[in-house]
Amino acid sequence: MKHYPAYKPPQLLQNGVALTVYTALWGERNWENTTLHPEPPYHKMIFMGGQGVPIFGWVAIPENAHSTIVGTYGITGDLDEGWSLRLLGRKAYAQGYAVVLFDWRAHGKTAELSPTLTSDGLYEGEDFVHIAAAAANMGCPKKFWFTGFSLGGQLALWGLKIAADLMRGNEYLGLKDSDIAGGAVICPSLDSLRSLTYLVKQPIGKYFEAGIAKDLKKLAWKIHNAHPGSLDPEAISRANSIWGFDEQLVIKRLGFSTVEAYYEASSALQLLPKLSKPTLIVYAADDPFFHPAIVPELEAGCASNPVIDLLLTRHGGHLGYLSSKQCQRQAQDPDPWWAWNRVLQWLGEKRQEKIESISLVR
């Protein structure tokens, strides 16, 4: 892996929790002022995902697009509120990427279209592939990069794994294996069982977990109201935690008897040896959402698979990565969004390597 500019947070945000909270609050209010790039001219689309589940998304294709980014956000949210994902969309579109962003299962407008609940990648991975195939038919270049952050990063990793499974030597929905270029994820969830157990034992982690659980409950009621009879209202009432949401509403539909079994099956850490496409993982050692013991296992898993580039930083928090002025100057970044800038830098390098390899063959 090539050398990348070191990440340095602002002086007062050396703590992972502080950086996480500050970036979330500051970014939501100020993200549009940090970039000169306008919103891409998105077209609203309804894709047909795996198992016939309708998926709502946005698509924008610039003139002379060279590649396509397919991405989604974390455990909660929607496309309108997903400012970090929309920031990526602006930056990527300005660099010539076609951009496909989507509300994953049970989120945003996708939840209005279908009562299908989340599966933490087990089926969302297939959704990535179906969306890419539909986007190709719309004119998006057949050089697809799957991306996401937090739980969305886990989904993108599953997308890469499922794509390889579906296309082994064959076409699938008009896509060949070579059409899936790879993926890039930021702070992906890798082991939900350990991390959630760790999170709820931390003083500040309890507040993080409670906030997410509250949003998940709102999501469940939204699905219940949009699709009467699809969810048991008493089960929704009992779903007062992330674990409770999965226990009361998710696992039985997926055929799991326990939450532990579900989390173990959907864990992305197990996917690392199985990835066969170039993959960038940006991960912070001080991420307050994930168990610290995951870090050495992540390092070992990436070191044993040559297609994976791991960009492990000392600081960064969970989706923080707001860079100091000095860091921006040293990295020659146009804005403080260090992680997205590294993702786009890495993608650009992979694209250049492909061009050079084609030239050598000729």
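Leaving aside neighbours within four places in sequence, Val129 is in contact (heavy atoms within 4.5 Å) with Phe146, Gly159, Ala163, Leu166, Met167, Tyr172 and Leu175. The model is a predicted one, in which local features need pLDDT of at least 70 and side-chain atom pairs count only at pLDDT 80 or more, while totals for chains, interfaces and linings use all residues. Residues are numbered from 1 along each chain as its sequence is written, and side-chain values use heavy atoms, with hydrogens and water left out.

- Val129 is found in helix H4, residues 124-138, where helices (H or I, at least four residues) and strands (E, at least two) are DSSP runs numbered from the N terminus.
- With a relative accessible area of 0%, Val129 is buried; buried means under 20% relative accessible area, exposed over 50%, and partly exposed in between, with a 1.4 Å probe and protein chains only.
- Val129 and Ile180 are 51 residues apart along the chain, and their C-alpha atoms are separated by 8.6 Å.

**Salt bridges**

- The count comes to 15 salt bridges, each being a side-chain nitrogen of Lys or Arg within 4 Å of a carboxyl oxygen of Asp or Glu.
- Arg105 and Asp127 meet through their side chains in a salt bridge of 2.7 Å, N to O; Arg105 lies in the loop between strand E4 (97-102) and H3 and Asp127 in helix H4, so the pair ties together parts that are 22 residues apart in sequence.
- Both partners of this pair, Arg105 and Asp127, are buried.
- Asp177 and Lys277 form a salt bridge between their side chains at 3.1 Å, N to O; because Asp177 lies in the loop between helix H5 (151-166) and E6, and Lys277 in the loop between helix H10 (259-266) and strand E7 (279-284), the pair ties together parts that are 100 residues apart in sequence.
- Within that pair, Asp177 is partly exposed, with a relative accessible area of 32%, whereas Lys277 counts as buried at 11% relative accessibility.
- A salt bridge also links Asp309 with Lys350, the closest N and O atoms being 3.8 Å apart; Asp309 lies in strand E8 (residues 308-313) and Lys350 in helix H13, so the pair ties together parts that are 41 residues apart in sequence.
- Asp309 is buried, with a relative accessible area of 11%.

**Helix H7**

- Helix H7 (residues 203-226) has 24 residues and reaches 36 Å from its first C-alpha to its last, close to the expected 34 Å, a span taken as 1.5 Å times one less than the number of residues.
- Among the buried residues of H7 are Phe208, Ile212, Leu216, Leu219 and Ile223, and what covers the buried residues includes helix H1 (16-30), helix H8 (233-238) and helix H9 (242-254).

**Individual residues**

- Ser192, in helix H6, is in contact with Gln154 and Tyr263 when neighbours within four places in sequence are left aside.
- Ser150 has a positive phi of about 55 degrees although it is not a glycine, and it lies in the loop between strand E5 (144-149) and H5.
- Tyr321, in the loop between E8 and helix H12 (325-331), likewise has a positive phi, near 50 degrees, and is buried with a relative accessible area of 2%.
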